Amino acid sequence: MRIPSPRRQAPSRQAPSREAPSRQASVERKTKETRITGTVDLDGTGAYDVATGIGFLDHMLEQLSRHSLIDLTLRAEGDLHIDFHHTTEDTGYVVGEAVAKALGERRGIVRYGHAVIPMDETLTRVTLDCSNRPYLVWKVNFTKPKLGEMDTELFKEWFQAFAQSAGVTLHVENLYGDNNHHIVESCFKGLARALRQAVEIDMRRADAVPSTKGTLSGGMT
């Protein structure tokens with residue numbers, strides 16, 4: 001009895017692998033008021049190395065990095081002898097611009113992100129669209145003018161600068177809360193979680209720009 005020889009399978013043909021483009025970017029900003037360098041990696045692990053000279057701002061940017069999984073390195077020197085305004089605002093510009101550069105054409109991204117963040121007695125909602133149409137809606141009120149040495153009004157300035165330079169439509173609403181620290185921290189954590197969702201690559205359309213116009217380079221898309 002002749003035993004048939006085993007059939008040989010043809011070698012599988014796999015499509016050549018294509019490395020995903022790096023989504024890292026660095027930005028340097030130098031003015032008479034501040035000198036800031038920043039680097040982001042959108043596909044990081046949430047590692048951070050932040051030094052702005054403003055302890056509370058460092059804490060918030062560390063929260064942003066950790067909860068977005070965006071690696072962030074930031075160094076800032078500013079005219080802190082005057083006040084914290086320029087340094088706070090300009091770090092928003094630098095982080096936002098670095099995110100925009102890392103996104104490139106914004107091809108393949110989910111584009112939209114949403115988060116509702118509880119923090120003890122506080123609840124904050126953050127919604128964003130990586131549309132390249134900068135806009136900020138800020139519905140956050142504080143009951144104290146300062147947190148430590150930092151003016152609470154400066155947090156809106158940071159979010160405004162970030163939205164402008166990142167090219168995002170950003171809505172931040174504190175639904176309720178009493179503790180001012182919890183309120184602002186929930187805003188940064190909400191931005192982090194919404195941003196993490198929005199910049200993720202959608203594997204169902206990884207090569208497509210998420211817009212019927214085919215571009216997110218500006219204008220109504």
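Student: Which residues have the most contacts inside the largest nonpolar core?
Tutor: This is a predicted model, where local features need pLDDT of at least 70, side-chain atom pairs count only at pLDDT 80 or more, and totals for chains, interfaces and linings use all residues. Residues are numbered from 1 along each chain as its sequence is written, and side-chain values use heavy atoms, with hydrogens and water left out. A nonpolar core joins buried (under 20% relative accessible area, 1.4 Å probe, protein chains only) Ala, Val, Leu, Ile, Met, Phe, Trp, Tyr and Cys residues through side-chain atoms within 4.5 Å. The largest has 54 residues, and those with the most contacts inside it are L61, W158, F159, F162, L170 and V172.

Student: Which residues of α3 are buried?
Tutor: Helix α3 covers residues 154-166. G167 follows, with a positive phi near 70°. The buried residues of α3 are L154, F155, W158, F159, A161, F162, A163, S165 and A166.

Student: What does W158 touch?
Tutor: Contact means heavy atoms within 4.5 Å. Residues up to four places away in sequence are not counted. W158 touches L57, L61, L64, T88, T91, G92, V95, F188 and L191.

Student: In what order do the 4 strands of the open sheet run?
Tutor: Two strands pair if DSSP finds at least two bridges between them. Here the pairing is mixed, with β1 (24-30) and β3 (48-51) at the edges. The order is β1-β2-β4-β3.

Student: Which residue is the bridge partner of T34 in β4?
Tutor: Strands β2 (residues 34-41) and β4 (residues 71-78) pair in the antiparallel sense over 8 bridges. In β4, T34 has as its bridge partner G78.

Methods. Helices (H or I, at least four residues) and strands (E, at least two) are DSSP runs, numbered from the N terminus. Buried means under 20% relative accessible area, exposed over 50%, partly exposed in between (1.4 Å probe, protein chains only). The expected span of a helix is 1.5 Å times one less than its number of residues.
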